[in-house]
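The entries below follow the order in which I looked things up.

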Amino acid sequence: TDRDETSVELCQHNIDVNAKKGAAATAVSKQLSWGDADAANEILIANNSAADDNQLVLFDTILGADIVYPDTSVVALTALFQTVSTCLKPVDGKFILSFVDRDFHVSSQRFIDAASHAGYRIGHVAQHTFVPDVSRFETVNVN
């Protein structure tokens, strides 16, 4: 969210709207700065209010969208993976990240290197597998 409270609120609104439509899963939108272990633990504690044995239950999935940019440093990426490691289940957990390559794969490679260094395995999903081919749609003139 770039620490933008409005983005967090909008995300929570979208979660709430989808929950009213019968979505099975529960979700919550929270602001979290990479590398802030105290804030990450607070989120885990809030999420685990009913957990047994005072042991934190970690997240199955963490989503990140458009959070890697050409100026994202190795230090920032290291902090990102520290935060993900704090919050994500270590065995079956999935960290799903989507971003647009804006610098001819330089930031992609920096991200892959940081992920590998942190012990993560990378999978790539080709854009054509999830973006519709707009050339197949009919064009309608609305004038």
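**Helix packing and core**

I began with α2, whose buried residues pack against α3. The model is a predicted one, and I read the entries below accordingly.

I then listed the buried residues of α2, which are Ala39, Ala40, Ile43 and Leu44. They lie on the same side of α2, because the arc they cover around the axis is only 140°. An α-helix has 3.6 residues a turn, so residues three or four places apart point the same way. On the other side of α2, I noted Asp38, Glu42, Ile45 and Ala46 as exposed.

Next I turned to the largest nonpolar core, which has 14 residues. Those that touch the most other members are Ile62, Leu77, Leu80, Phe81, Val84, Phe95 and Phe111. I found that α2 (37-47), α3 (74-87) and α4 (106-117) each supply at least two residues of this core. The most comes from α3, which gives five residues.

I looked up Leu80 on its own. Apart from neighbours within four places in sequence, Leu80 is in contact with Trp34, Ile67, Phe95 and Phe111.

My last entry concerns Ser29, located in the loop between α1 (5-20) and α2. Is Ser29 buried or exposed? Its relative accessible area is 12%, which is under the 20% cut-off, so Ser29 counts as buried. Not counting residues up to four places away in sequence, Ser29 touches Val8, Cys11, Gln12 and Ile15. For Val8, I noted that its backbone oxygen lies 3.1 Å from a polar atom of the Ser29 side chain.

Key. Residues numbered from 1 in each chain as written. Predicted model: local features only at pLDDT ≥ 70, side-chain atom pairs only at ≥ 80, totals over all residues. Heavy atoms only, no water. Core = buried A, V, L, I, M, F, W, Y, C linked by side-chain atoms within 4.5 Å. Buried < 20%, exposed > 50% of the residue type's maximum accessible area, 1.4 Å probe, protein only. Helix = DSSP H or I, 4+ residues; strand = E, 2+ residues; numbered from the N terminus. Contact = heavy atoms within 4.5 Å. Polar contact = N/O pair within 3.5 Å; in protein donor to acceptor, adjacent residues only side chain to side chain. Arc of directions from axis to C-beta.
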